[in-house]
Amino acid sequence: MLAILHNRTYRHLFLAQIAALTGTGLATVALGLLAYDLAGERAGLVLGTALTIKMAAYVTVAPVAAAWAEQVDRRKMLIGLDLLRMAVAVCLPFVTGVWQIYVLIFLLQSASAGFTPAFQATIPDVLTAEKDYTRALSLSRMAYELESLASPVLAAALLLLVSSATLFWGTAAGFAGSALLLLSISLPSPAPRAPRPIWQRTTRGIRNYLRTPRLRGLLALNWVVSAMAAMVLVNTVVLVRAGLGQGETAVALALAAFGGGSMLAALLLPRLLERVSDRTVMLAGGALGSAALAVLALSLFAAPLGFARLAIAWAVIGAGYSAVLTPSGRLLARSAHAADRPAVFAAQFTLSHACWLLFYPLSAWLMAAWGAGAAMLALALLAAAGLIAARHLWPKDSASPVAHSHPGLPPDHPHLQGGQPHAHPIIIDDQHPEVPKKTQC
């Protein structure tokens with residue numbers, strides 16, 4: 001898997017991701033401490049509002065940023081957004097009011113909403129062989145999980161030497177490091193298209209996404225992973241501290257079980273995907289995670305929650321979570337031409353975070369209103385509904401060539417080199433605004 005790091009451009013991209021993730025992890029810890037300094041016992045409300053602002057920025061800003069990305073050099077755009085994130089991080093140590101946190105978080109997450117999809121869309125242009133790209137997706141998933149484990153440890157070590165506000169300077173350094181790494185390489189950037197109306201550019205990614213059958217299935221799977229993982233990410237602290245009466249170390253171990261399951265699946269997926277289709281792996285991952293949540297829920301009606309059962313269930317859910325999310329980049333890359341990839345990746349970013357925006361508060365409310373067992377069962381049933389929808393929306397033969405004609409094109413059009421009718425796998429674009437019926441377009 002590490003052989004792909006011999007590619008200098010990808011190696012610098014991966015290191016840039018590590019630098020930015022480390023900075024983000026430090027900011028997460030520092031933000032919690034800052035919220036407590038400013039709001040005391042109301043710190044949870046402040047952080048909850050900040051999380052809502054983050055998700056709202058992701059959902060609203062990503063399509064606009066993708067429209068802008070069509071007309072600019074991708075490398076310059078990524079560096080500029082890193083520098084904006086660095087500037088915001090530099091401002092955070094000087095915050096004196098809660099409202100300032102909200103403004104800066106919106107700016108920071110808006111920059112991330114532009115950066116992340118464009119960054120993700122660049123990798124399949126750098127690693128053009130699907131086998132290499134699959135390995136890159138697995139490395140990326142492992143990097144995310146390692147960051148969630150390592151950043152709190154790094155923050156704790158730094159706090160022995162410096163104040164909590166100083167952690168934000170570490171965040172700024174992470175984004176600066178990312179920008180410098182991007183500055184050291186050249187990136188493929190598709191030639192700008194002929195100008196389009198802003199509304200078309202803003203909505204193009206979502207329209208293409210929703211017109212592609214396998215991506216409609218991916219949207220349903222985003223629903224599945226949000227339903228099953230929201231229980232882990234939102235309620236672990238309540239389950240461990242209040243339900244089991246254990247301390248902060250146990251909370252960290254439970255979340256580490258989820259991350260460990262995710263990392264193990266990411267490590268195994270490249271070889272598995274050489275033998276099994278993405279559709280089979282992703283549906284199986286969704287089913288595995290949903291079943292683990294349902295089994296844990298039903299067990300709570302028979303016996304009190306135990307830490308071992310919780311950790312095992314969280315590890316299985318983590319494996320299912322990774323089995324769905326890791327191959328999703330392959331689907332997105334296959335479903336768009338190079339020039340459209342930023343828009344389609346931005347659509348995935350927007351729609352997946354819309355699912356999280358629904359399930360984060362829903363999982364908290366269900367837990368508070370119904371208790372752990374009923375909340376888990378409700379979320380497992382919602383995940384199962386999404387799984388059924390995904391199986392229906394994503395045809396098995398979605399990557400197969402479709403025989404069709406283009407009556408409106410002249411015979412010498414470059415697209416008709418094979419004559420009419422012709423056959424090829426369908427990617428939604430100007431020539432194929434929807435999946436054509438066979439032998440008719």
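Mentor: Helix α4 passes helix α13 in a right-handed crossing. A crossing is called left-handed if the near helix is turned anticlockwise from the far one by less than a right angle, and right-handed if clockwise. Helices are DSSP runs of H or I with at least four residues, numbered from the N terminus, as strands are (E, at least two). The model is predicted, with local features requiring pLDDT of at least 70 and side-chain atom pairs pLDDT 80 or more, whereas totals for chains, interfaces and linings use all residues. Residues are numbered from 1 along each chain as its sequence is written, and side-chain values use heavy atoms, with hydrogens and water left out.

Trainee: At what angle do the axes of α4 and α13 cross?

Mentor: Axes are lines fitted to C-alpha atoms, for helices over the stretch in contact, and the angle between N-to-C directions runs from 0 to 180 degrees. Those of α4 (residues 98-126) and α13 (residues 341-370) come within 8 Å and cross at roughly 125°. Angles under 35 degrees count as roughly parallel, over 145 as roughly antiparallel, 65 to 115 as roughly perpendicular and the rest as oblique. The helices α4 and α13 are therefore oblique to each other.

Trainee: Which residues of α4 and α13 meet?

Mentor: Contact means heavy atoms within 4.5 Å. On α4 the residues include Ser112, Thr116, Gln120 and Asp125, and on α13 they include Arg341, Phe345 and Phe349. The residues of this contact divide into eight nonpolar, three polar and two charged. Here Ala, Val, Leu, Ile, Met, Phe, Trp, Tyr, Cys and Pro count as nonpolar, Asp, Glu, Lys and Arg as charged, and the others, Gly among them, as polar.

Trainee: How do the axes of α1 and α4 cross?

Mentor: They come within 12 Å and cross at roughly 165°, which makes α1 roughly antiparallel to α4. The passage of α1 by α4 is left-handed. Among the residues in contact are Tyr10, Leu13 and Leu31 of α1 and Ile101, Ile105 and Phe119 of α4. By class, this contact holds eleven nonpolar, three polar and no charged residues.

Trainee: How many aromatic pairs does a search of the whole structure find?

Mentor: A pair of aromatic rings is described by the distance of the centres and the angle of the planes. Rings of Phe, Tyr and Trp (its six-membered ring) pair if their centres lie within 6.5 Å; planes under 30 degrees apart count as stacked, over 60 as edge-to-face and the rest as tilted. The search finds nine pairs. In one, the centres of phenylalanine 115 and phenylalanine 119 are 5.5 Å apart and the planes lie at 20°, so the pair is stacked. These two residues are four apart in α4, and therefore separated by about one helical turn.

Trainee: Is phenylalanine 115 buried or exposed?

Mentor: Buried means under 20% relative accessible area, exposed over 50%, and partly exposed in between (1.4 Å probe, protein chains only). Phenylalanine 115, at 6%, is buried, as is phenylalanine 119 at 7%. Tryptophan 356 and tyrosine 360 form a tilted pair, 5.3 Å centre to centre with 35° between the planes.

Trainee: Which residues is arginine 141 in contact with?

Mentor: Arginine 141 lies in helix α5 (residues 130-159) and is buried at 14% relative accessibility. Leaving aside neighbours within four places in sequence, arginine 141 has contacts that include Ser262, Tyr321 and Leu325.
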